Amino acid sequence: MMNAHNDLSQRTVRRKVLVVEDNDLNREMLCAVLEQQFDTIQAQDGFAGLDALAEHQAELSLVLLDVYMPGCDGFDFLRSMRADSRFDTLPVIVATASDSVDDELLCLKLGANDFVLKPYNSEIIMNRVTNMIRLRESAAIVNQLTWDETTGLYSRELFFRTVEDFLTANPDGEYDLVCSDIDGFSVLSDRYGSENCDELLRELARNLSDAIPGCIAGGRIGADAFAFLVEHRQAWPAEAPQEALDNLPVPNVSLKFGVVEHVDRATAVSIACNRAMRALETVKGRHGLLVAPYDDDLHQRQELEQTIRETMEDALDGLQFEVYYQPKHDAKTGTIRGAEALVRWSHPTIGFISPGLFIPIFERNGFIIKLDMFVWEEACKEIKRCEDRGLPTIPISVNASRLDFDNPDLPERICELADRHGIDHAFLHVELTESAYAENPDTVVRMLGEMKSLGFSTELDDFGAGYSSLVSLNMLPLDIMKLDMSMVRQATATGDFRIIESTIKLAQVLGLKTVVEGIETAEEAQRVTDMGCDLIQGYYYSKPLNRDDFEEYLKRG
Amino acid sequence: MTIEELYDRIGGDLEGVRKRLPSDDLIARFIVRFADDESCAQAAAAWSEGDEASAFEAAHKAKGVCANLGLSKLWNIANDITEALRPGNSDVRATTDVDALVKQLASEHASTLDAIREFSASA
């Protein structure tokens with residue numbers, strides 16, 4: 001099938017043009033012009049033209065057509081020609097007199113591609129003909145890519161079209177769309193070379209076509225991505241069969257699959273493929289031949305994520321983000337000693353969006369930098385307001401994300417912000433997580449040192465969650481360690497507080513104050529206080545409060 | 001007779017033809033072939049037979065050939081006939097003496113052919 005297309009690179013022969021014109025002299029003059037570069041076939045009217053089309057179809061590159069001819073004129077010729085799919089891609093240039101706009105319009109409707117005006121101008125004709133042939137031949141090159149030569153599957157576009165046609169032709173069938181791709185293909189390609197990886201793709205395409213039950217059509221929709229339309233299956237297994245990996249030229253191949261069940265005919269196949277690929281993303285990086293369905297949950301989550309990305313800028317301008325303050329209390333005396341600034345998003349249509357949802361997105365797309373700056377500024381304003389209202393002034397800590405540390409001006413910017421609002425630097429604390437440190441330790445150490453020397457206190461957030469490193473404790477210029485709430489949850493669940501106790505001891509040895517987060521009960525508060533914890537943050541004292549409630553809280557003392 | 005002299009004599013636009021055909025040799029070849037072109041004669045014949053539709057088609061064709069060969073004088077006459085006989089142009093027709101034009105076409109055609117034969121003989 002692939003060989004049916006002409007190999008253009010080898011087509012150095014002169015292109016052939018069919019000239020249909022009844023007047024011998026005009027036709028021969030036209031041919032004399034064309035023959036500078038092209039071979040010509042002549043036809044003295046529309047009927048002869050149609051005969052010549054049928055006879056020379058394979059070798060023709062273009063038709064040059066006169067409109068007025070006895071018998072079968074240019075319009076009739078176009079009608080007959082365009083009704084025959086064999087000539088779909090053969091371009092027609094119509095020669096018309098300058099006084100016949102109506103003729104041109106009719107010819108266009110009938111499928112003519114271009115016009116030349118009579119009397120003929122040699123240069124213009126040659127240009128028009130050459131350009132039209134070139135245009136058609138580049139389109140033919142594109143059309144050549146309809147089959148993927150490596151795998152023998154459909155190319156991306158043709159797969160979409162084929163599946164759409166199939167779905168239309170089978171309106172009652174139930175079908176699923178399966179997409180798969182190879183984990184770390186670029187690494188494989190780097191290590192084993194493109195020839196082996198082409199072989200890998202070929203074998204995989206064959207294996208998958210066989211291994212996936214009810215497979216109807218397969219396409220290669222990306223460098224290492226396949227898509228298959230299959231008959232609907234009641235229950236997709238969570239793992240694909242190992243046979244998919246038989247006889248591969250490259251070891252340790254790992255495939256993931258995303259499935260869209262009951263392909264919806266109202267949804268473009270390309271979109272269905274995207275959805276299957278997104279389902280697949282959810283199991284990427286995990287071991288095995290895992291299969292992930294695209295379901296309503298995933299759909300809604302991704303819709304929400306998209307909405308978040310689309311509306312975040314407006315939300316910031318429209319003050320949909322609000323800073324809440326969660327008090328930190330002195331463990332021994334119960335006096336309020338500080339607060340953590342936490343951002344909340346009340347979306348006008350969605351309502352409350354959890355920071356757990358939007359923060360990771362903003363960390364990926366960089367918007368977190370703007371949002372953090374907003375929180376810094378709000379915190380400054382709040383400290384100022386408390387001062388102005390004669391409320392107890394306490395330090396407010398603000399979270400800095402990993403991306404904030406990409407900007408070497410961060411300490412300077414926060415300093416400038418604090419000074420602009422007339423805030424004593426001692427009232428601003430920066431909280432960072434270890435992940436920020438892990439990415440770029442030297443920079444973070446240096447910038448944190450700068451902030452400390454400017455008078456801001458530094459807090460290490462979420463200690464004990466994830467992969468805490470004791471080395472980072474030694475390296476980072478810190479004032480305070482915050483024990484993650486998961487440590488308290490676990491200690492309460494098991495009744496074993498030994499890890500909390502030793503962590504507090506460790507902090508003390510390093511000269512760090514401690515904050516225990518997630519304290520919900522008097523008993524928990526008592527236990528960590530007895531262990532020497534300095535500050536307590538959690539629902540036992542207060543949930544995060546909006547500005548008014550926070551100020552009320554401060555007023556009560 | 002040179003091609004320039006020929007075009008001078010028949011009132012033609014040689015420069016225009018040189019844009020259409022790649023060489024003077026080809027121009028010479030086709031101008032000689034013009035002697036065989038029947039469109040002018042067909043126009044006159046159809047008109048004398050009262051076949052206006054055929055006369056229009058032939059005049060239209062003659063106009064096209066003359067344009068291609070830069071035969072400006074003939075083209076002008078053929079054009080006037082075409083416009084007078086073009087379906088829908090009854091207003092032009094009413095103010096045009098087609099008989100006279102057709103006669104003019106025939107005599108201009110004849111003298112053009114004379115010149116071309118002389119040119120052909122001298123080549």
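The model is predicted, so local features need pLDDT of at least 70 and side-chain atom pairs count only at pLDDT 80 or more, while totals for chains, interfaces and linings use all residues. Residues are numbered from 1 along each chain as its sequence is written, with chains lettered from A and ligands numbered from 1 in the order in which they are written.

Me: What makes A:Met312 buried?
Reply: A residue is buried if 20 or more other C-beta atoms, placed from the backbone, lie within 10 Å of its own, exposed if 12 or fewer, and partly exposed in between. A:Met312 has 22 other C-beta atoms within 10 Å and is therefore buried. The residue sits in helix H9 (residues 296-317) of chain A; helices are DSSP runs of H or I with at least four residues, and strands are runs of E with at least two, numbered from the N terminus.

Me: Which residues does A:Met312 touch, beyond those up to four places away in sequence?
Reply: A:Met312 touches A:Phe362 and A:Phe367, where contact requires C-beta atoms, placed from the backbone, within 7 Å.

Me: Why are H1(B) and H8(B) called roughly antiparallel?
Reply: Angles under 35 degrees count as roughly parallel, over 145 as roughly antiparallel, 65 to 115 as roughly perpendicular and the rest as oblique. The axes of H1 (residues 3-10) and H8 (residues 98-122) of chain B come within 10 Å and cross at roughly 165°. H1(B) and H8(B) are therefore roughly antiparallel. The axes are lines fitted to C-alpha atoms, for helices over the stretch in contact, with angles running from 0 to 180 degrees between N-to-C directions.

Me: Which residues make the contact of H1(B) with H8(B)?
Reply: H1(B) supplies B:Leu6, B:Arg9 and B:Ile10, and H8(B) supplies B:Thr112, B:Ala115, B:Ile116 and B:Phe119. By class, 5 are nonpolar, 1 is polar and 1 is charged. Ala, Val, Leu, Ile, Met, Phe, Trp, Tyr, Cys and Pro count as nonpolar, Asp, Glu, Lys and Arg as charged, and the others, Gly among them, as polar.

Me: What makes a set of residues a nonpolar core?
Reply: Its members are buried Ala, Val, Leu, Ile, Met, Phe, Trp, Tyr and Cys residues joined through C-beta atoms within 7 Å. The largest such core has 69 residues, and B:Ala43 is one of those that touch the most other members. Helix H5 (residues 52-69) of chain B gives the most to this core, with 9 residues. Apart from it lies another core of 63 residues, including A:Phe321 and A:Phe367.

Definitions and conventions: Contact = placed C-beta atoms within 7 Å.
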